[in-house]
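User: I am new to this structure and would like a guided tour. Please take me through it in short questions and answers.

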Amino acid sequence: MHIDDTYKSKYISPEEIDALAHSLQGLELFKSAFANITTYQFVGRIGCYVEFNSIFPSVVASLAAKIGCSRAVFVNPSETVLSLQDESYEVAAYVFAAAVDEFGGGKYKYTHRNLAKAFLSSVAAFYQMSSNYLNECLKYSRSVDMLGCRGRIERAYLAPYQDLPVPELLVALGFHAASEYFADLEFNALRTIFEMHYPELLEFLRKRLVSFGSSKAPASQWLDIHTSVESDHYRAALMAIDLALLYSDNTILGKRFVLQGFSEFVRLQSQLCQNLITP
Ligand SMILES: [Fe+2]
Ligand SMILES: [Fe+2]
């Protein structure tokens with residue numbers, strides 16, 4: 001399996017995607033959540049964003065499994081041997097690729113969750129926050145159904161496994177693609193925010209080596225790797241969508257379900273940012 005560096009969907013144009021993605025000003029909201037805030041708010045909001053991202057590795061792996069199990073849904077009708085018509089694992093592979101990265105099986109050998117924890121604790125170390133103070137600061141990020149998002153993400157990805165109808169799988173694929181699309185925009189925006197407004201903190205994070213098992217990596221790695229891996233995940237999601245549409249029976253209707261899922265994530269992302277700004 002190869003993820004093409006320049007892949008563009010055969011069915012959904014970049015213009016369609018961009019128009020949907022920017023319809024609720026999600027990126028602008030994200031940037032404004034990190035503008036003109038106190039250190040206490042800054043660490044709390046980083047904590048919320050870390051928390052928001054922590055659920056995705058598991059739900060993405062679950063979606064890959066769910067698609068893989070749907071062998072009767074994604075089929076190649078030109079294969080004349082009925083038992084060999086299934087293509088669901090070919091679709092699932094491009095979703096699973098993102099989960100492989102998240103679980104430390106890709107280029108970087110650390111789980112992204114571990115990198116996120118090291119990043120957050122190192123930000124707190126820079127500001128010399130005690131555990132008690134940091135716990136207080138991150139209280140909101142630990143609250144039940146943080147920012148009203150967790151339940152919606154779980155519902156989007158974790159519907160039951162048994163022979164899901166194709167619309168549900170396509171909606172979930174659209175939701176997943178949008179999550180990768182926004183992650184790329186958000187992490188790049190976050191790095192610019194660090195570079196422009198927190199340069200000393202960024203330098204501290206880049207110099208601070210953190211142990212992960214038998215090896216060490218800079219505490220900044222969570223921020224640094226996500227400015228490139230998310231665009232890989234997004235392109236892989238587009239490749240999964242194209243295969244799913246190719247191997248499902250109605251491409252035009254199928255595309256509508258994908259865009260529905262994409263729009264659902266756009267609304268969720270905007271809600272996340274609004275809740276970050278006004279908890
Ligand atoms: Fe990640
Ligand atoms: Fe990702």
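User: At what rough angle do the axes of helix 10 and helix 13 cross?

Analyst: A word of caution: this is a predicted model. Helix 10 covers residues 166-197, and helix 13 covers residues 251-277. Their axes come within 7 Å. They cross at roughly 45°.

User: Is helix 10 parallel, antiparallel, perpendicular or oblique to helix 13?

Analyst: Roughly parallel would need an angle under 35 degrees, and roughly perpendicular would need 65 to 115. The crossing here is roughly 45°. Helix 10 is therefore oblique to helix 13.

User: Is the crossing of helix 10 and helix 13 left-handed or right-handed, and how many residues of their contact are nonpolar?

Analyst: Helix 10 passes helix 13 in a right-handed crossing. On the helix 10 side, the contact includes V166, L170, L173, F175 and F182. The contact has one charged residue, six polar ones and, as nonpolar residues, 16.

User: Which residues does F119 contact, leaving aside its neighbours within four places in sequence?

Analyst: Set aside its neighbours within four places in sequence. What remains is contact with L205, A219, W222 and L223.

User: Is helix 5 roughly parallel or roughly antiparallel to helix 12?

Analyst: Helix 5 spans residues 88-102, and helix 12 spans residues 221-246. Their axes come within 7 Å and cross at roughly 165°. An angle over 145 degrees counts as roughly antiparallel. So helix 5 and helix 12 are roughly antiparallel.

User: How many residues in the contact of helix 5 with helix 12 are nonpolar, and how many are charged?

Analyst: The crossing of these two helices is left-handed. Helix 5 brings E90, V91, Y94, V95, A97, A98 and D101. Helix 12 meets them with residues including V229, H233, A237, A240 and A244. The contact holds one polar residue, with 12 nonpolar and two charged.

User: How do helix 2 and helix 13 lie: roughly parallel or roughly antiparallel?

Analyst: Helix 2 covers residues 26-33. Its axis and that of helix 13 are 9 Å apart, at an angle of about 20°. Helix 2 passes helix 13 in a left-handed crossing. Angles under 35 degrees count as roughly parallel, so helix 2 and helix 13 are roughly parallel.

User: Which residues make the contact of helix 2 with helix 13, and how many of them are charged?

Analyst: Helix 2 supplies G26, L29, F30, S32 and A33. Helix 13 supplies V266, Q269, S270, C273, Q274, L276 and I277. Seven of these residues are nonpolar and five are polar, and the number charged is none.

User: How far apart are the C-alpha atoms of Q25 and V266?

Analyst: Q25 lies in the loop between helix 1 and helix 2. Q25 counts as exposed, because it has 12 C-beta neighbours inside 10 Å. Along the chain, Q25 and V266 are 241 residues apart. Their C-alpha atoms are separated by 9.2 Å.

User: What is phi of N36 near, and how far is N36 from H197 in space?

Analyst: N36 is in the loop between helix 2 and helix 3. Seen from its surroundings, N36 is exposed, with 7 C-beta neighbours inside 10 Å. Phi of N36 is positive, near 50°. N36 and H197 are 161 residues apart in sequence, and their C-alpha to C-alpha distance is 9.7 Å.

User: Where does Q128 lie, and what is its phi near?

Analyst: Q128 is in the loop between helix 6 and helix 7. It counts as exposed, with 7 C-beta neighbours inside 10 Å. Most residues other than glycine have a negative phi. Phi of Q128 is positive, near 50°.

How values were computed. Residues numbered from 1 in each chain as written. Chains lettered and ligands numbered in written order. Predicted model: local features only at pLDDT ≥ 70, side-chain atom pairs only at ≥ 80, totals over all residues. Axes fitted to C-alpha atoms, helices over the stretch in contact; angles between N-to-C directions. Helix = DSSP H or I, 4+ residues; strand = E, 2+ residues; numbered from the N terminus. Left-handed = near helix turned anticlockwise from the far one by under 90°. Contact = placed C-beta atoms within 7 Å. Nonpolar A, V, L, I, M, F, W, Y, C, P; charged D, E, K, R; others polar. Buried ≥ 20, exposed ≤ 12 C-beta atoms within 10 Å, placed from the backbone.
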